[in-house]
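Colleague: I have just opened this one. Can you walk me through it?

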Amino acid sequence: MSAPAPERDPGLQPERTRLAWRRTTLSCTVAAVLAGKAALHSGTAAGFAVVCLCGLLWSGFLAVAQRRICALASAPPGSPPRLSPRHAAFATLCTVALAVCAAALLF
(Lines give C-alpha, C1' and ligand atoms only; values in the text may rest on other atoms or scores of the structure.)
Protein backbone atom coordinates (compact mmCIF):
# COMPACT_ATOMS: atom_id res chain seq x y z
CA MET A 1 0.00 0.00 0.00
CA SER A 2 1.32 3.44 -0.88
CA ALA A 3 1.78 6.21 1.63
CA PRO A 4 -0.92 8.89 1.68
CA ALA A 5 -0.11 11.98 -0.32
CA PRO A 6 0.88 14.96 1.80
CA GLU A 7 -1.64 17.75 2.01
CA ARG A 8 -1.08 20.61 -0.35
CA ASP A 9 -0.27 23.94 1.29
CA PRO A 10 -2.46 26.49 -0.51
CA GLY A 11 -0.30 29.38 0.67
CA LEU A 12 2.85 28.39 -1.18
CA GLN A 13 1.75 28.98 -4.77
CA PRO A 14 0.63 32.60 -4.24
CA GLU A 15 3.85 33.27 -2.34
CA ARG A 16 5.98 31.90 -5.19
CA THR A 17 3.95 33.96 -7.67
CA ARG A 18 4.44 37.11 -5.59
CA LEU A 19 8.17 36.51 -5.44
CA ALA A 20 8.30 35.92 -9.21
CA TRP A 21 6.55 39.25 -9.81
CA ARG A 22 9.08 40.96 -7.54
CA ARG A 23 12.04 39.36 -9.35
CA THR A 24 10.68 40.38 -12.74
CA THR A 25 10.06 43.93 -11.50
CA LEU A 26 13.64 44.08 -10.27
CA SER A 27 14.90 42.86 -13.66
CA CYS A 28 12.85 45.51 -15.45
CA THR A 29 14.21 48.16 -13.09
CA VAL A 30 17.80 47.13 -13.81
CA ALA A 31 17.16 47.18 -17.57
CA ALA A 32 15.60 50.66 -17.37
CA VAL A 33 18.45 52.04 -15.24
CA LEU A 34 21.10 50.59 -17.56
CA ALA A 35 19.24 52.02 -20.55
CA GLY A 36 19.28 55.42 -18.87
CA LYS A 37 22.99 55.14 -18.20
CA ALA A 38 23.68 54.18 -21.82
CA ALA A 39 21.58 57.10 -23.08
CA LEU A 40 23.42 59.56 -20.85
CA HIS A 41 26.72 58.41 -22.31
CA SER A 42 25.48 58.65 -25.91
CA GLY A 43 23.83 62.06 -25.44
CA THR A 44 21.63 61.77 -28.56
CA ALA A 45 18.00 62.77 -28.92
CA ALA A 46 17.14 59.23 -30.04
CA GLY A 47 18.76 57.85 -26.91
CA PHE A 48 16.73 60.24 -24.79
CA ALA A 49 13.53 59.16 -26.56
CA VAL A 50 14.32 55.50 -25.94
CA VAL A 51 14.98 56.21 -22.27
CA CYS A 52 11.61 57.96 -21.99
CA LEU A 53 9.97 54.95 -23.61
CA CYS A 54 11.81 52.64 -21.20
CA GLY A 55 10.51 54.70 -18.30
CA LEU A 56 6.94 54.45 -19.55
CA LEU A 57 7.24 50.70 -20.10
CA TRP A 58 8.79 50.23 -16.67
CA SER A 59 6.04 52.22 -14.93
CA GLY A 60 3.37 50.26 -16.84
CA PHE A 61 4.87 46.94 -15.80
CA LEU A 62 5.26 48.17 -12.23
CA ALA A 63 1.55 49.08 -12.10
CA VAL A 64 0.49 45.64 -13.36
CA ALA A 65 2.88 43.87 -10.99
CA GLN A 66 1.74 45.87 -7.97
CA ARG A 67 -1.90 45.23 -8.81
CA ARG A 68 -1.22 41.49 -9.08
CA ILE A 69 0.74 41.37 -5.83
CA CYS A 70 -2.07 43.18 -4.00
CA ALA A 71 -4.64 40.81 -5.49
CA LEU A 72 -2.63 37.81 -4.30
CA ALA A 73 -2.23 39.29 -0.83
CA SER A 74 -5.93 40.03 -0.39
CA ALA A 75 -7.22 36.71 -1.74
CA PRO A 76 -8.38 34.03 0.67
CA PRO A 77 -5.93 31.12 1.06
CA GLY A 78 -6.34 28.38 -1.50
CA SER A 79 -8.09 30.48 -4.14
CA PRO A 80 -5.75 33.02 -5.74
CA PRO A 81 -7.47 35.18 -8.35
CA ARG A 82 -6.70 34.54 -11.99
CA LEU A 83 -4.61 37.01 -13.93
CA SER A 84 -6.75 38.44 -16.69
CA PRO A 85 -5.50 37.84 -20.25
CA ARG A 86 -5.41 41.60 -20.83
CA HIS A 87 -3.10 42.18 -17.86
CA ALA A 88 -0.93 39.19 -18.81
CA ALA A 89 -0.57 40.47 -22.37
CA PHE A 90 0.27 43.98 -21.15
CA ALA A 91 2.90 42.69 -18.71
CA THR A 92 4.44 40.54 -21.45
CA LEU A 93 4.43 43.44 -23.90
CA CYS A 94 6.10 45.75 -21.38
CA THR A 95 8.77 43.19 -20.52
CA VAL A 96 9.66 42.36 -24.11
CA ALA A 97 9.54 45.98 -25.28
CA LEU A 98 11.73 47.09 -22.37
CA ALA A 99 14.29 44.43 -23.24
CA VAL A 100 14.26 45.51 -26.90
CA CYS A 101 14.67 49.19 -25.96
CA ALA A 102 17.52 48.43 -23.60
CA ALA A 103 19.24 46.29 -26.25
CA ALA A 104 18.72 49.05 -28.86
CA LEU A 105 20.67 51.47 -26.69
CA LEU A 106 23.62 49.09 -26.61
CA PHE A 107 24.01 49.02 -30.40
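**Helix packing and one threonine**

Modeller: Helices α1 and α2 are roughly antiparallel to each other, a label for angles over 145 degrees between N-to-C directions. This is a predicted model, where local features need pLDDT of at least 70, side-chain atom pairs count only at pLDDT 80 or more, and totals for chains, interfaces and linings use all residues. Residues are numbered from 1 along each chain as its sequence is written, and side-chain values use heavy atoms, with hydrogens and water left out.

Colleague: At what angle do α1 and α2 pack?

Modeller: About 170 degrees, and their axes are 9 Å apart. Axes here are lines fitted to C-alpha atoms, for helices over the stretch in contact, and angles run from 0 to 180 degrees.

Colleague: Is the crossing of α1 and α2 left-handed or right-handed?

Modeller: Left-handed, meaning that the near helix is turned anticlockwise from the far one by less than a right angle. The contact of α1 with α2 has 16 nonpolar, eight polar and three charged residues. In that scheme Ala, Val, Leu, Ile, Met, Phe, Trp, Tyr, Cys and Pro count as nonpolar, Asp, Glu, Lys and Arg as charged, and the others, Gly among them, as polar.

Colleague: How many helices and strands does the chain have?

Modeller: Three helices and zero strands, running α-α-α from the N terminus on. Helices (H or I, at least four residues) and strands (E, at least two) are DSSP runs, numbered from the N terminus.

Colleague: And how do α2 and α3 cross?

Modeller: The axes of α2 (residues 45-74) and α3 (residues 85-106) come within 9 Å and cross at roughly 150 degrees. The two are therefore roughly antiparallel, and their crossing is left-handed. Residues making the contact include Leu57 and Phe61 of α2 and Phe90 and Leu98 of α3; contact means heavy atoms within 4.5 Å. By class, there are 15 nonpolar, four polar and one charged residues.

Colleague: Change of topic. Is Thr25 buried or exposed?

Modeller: Thr25 is buried, at 11% relative accessible area. Buried is under 20%, exposed over 50%, and partly exposed in between (1.4 Å probe, protein chains only). Thr25 is found in α1, residues 12-42.

Colleague: Which residues is Thr25 in contact with?

Modeller: Leaving aside neighbours within four places in sequence, Trp58, Phe61, Leu62 and Ala65. A polar atom of the Thr25 side chain also lies 2.8 Å from the backbone oxygen of Trp21.

Colleague: What share of the chain is buried?

Modeller: Buried residues make up 26% of the 107 residues.

Key: Angles under 35 degrees count as roughly parallel, over 145 as roughly antiparallel, 65 to 115 as roughly perpendicular and the rest as oblique. A polar contact is a pair of N or O atoms within 3.5 Å; within protein, one must be able to donate a hydrogen and the other to accept it, and residues adjacent in sequence count only if both atoms are side-chain atoms.
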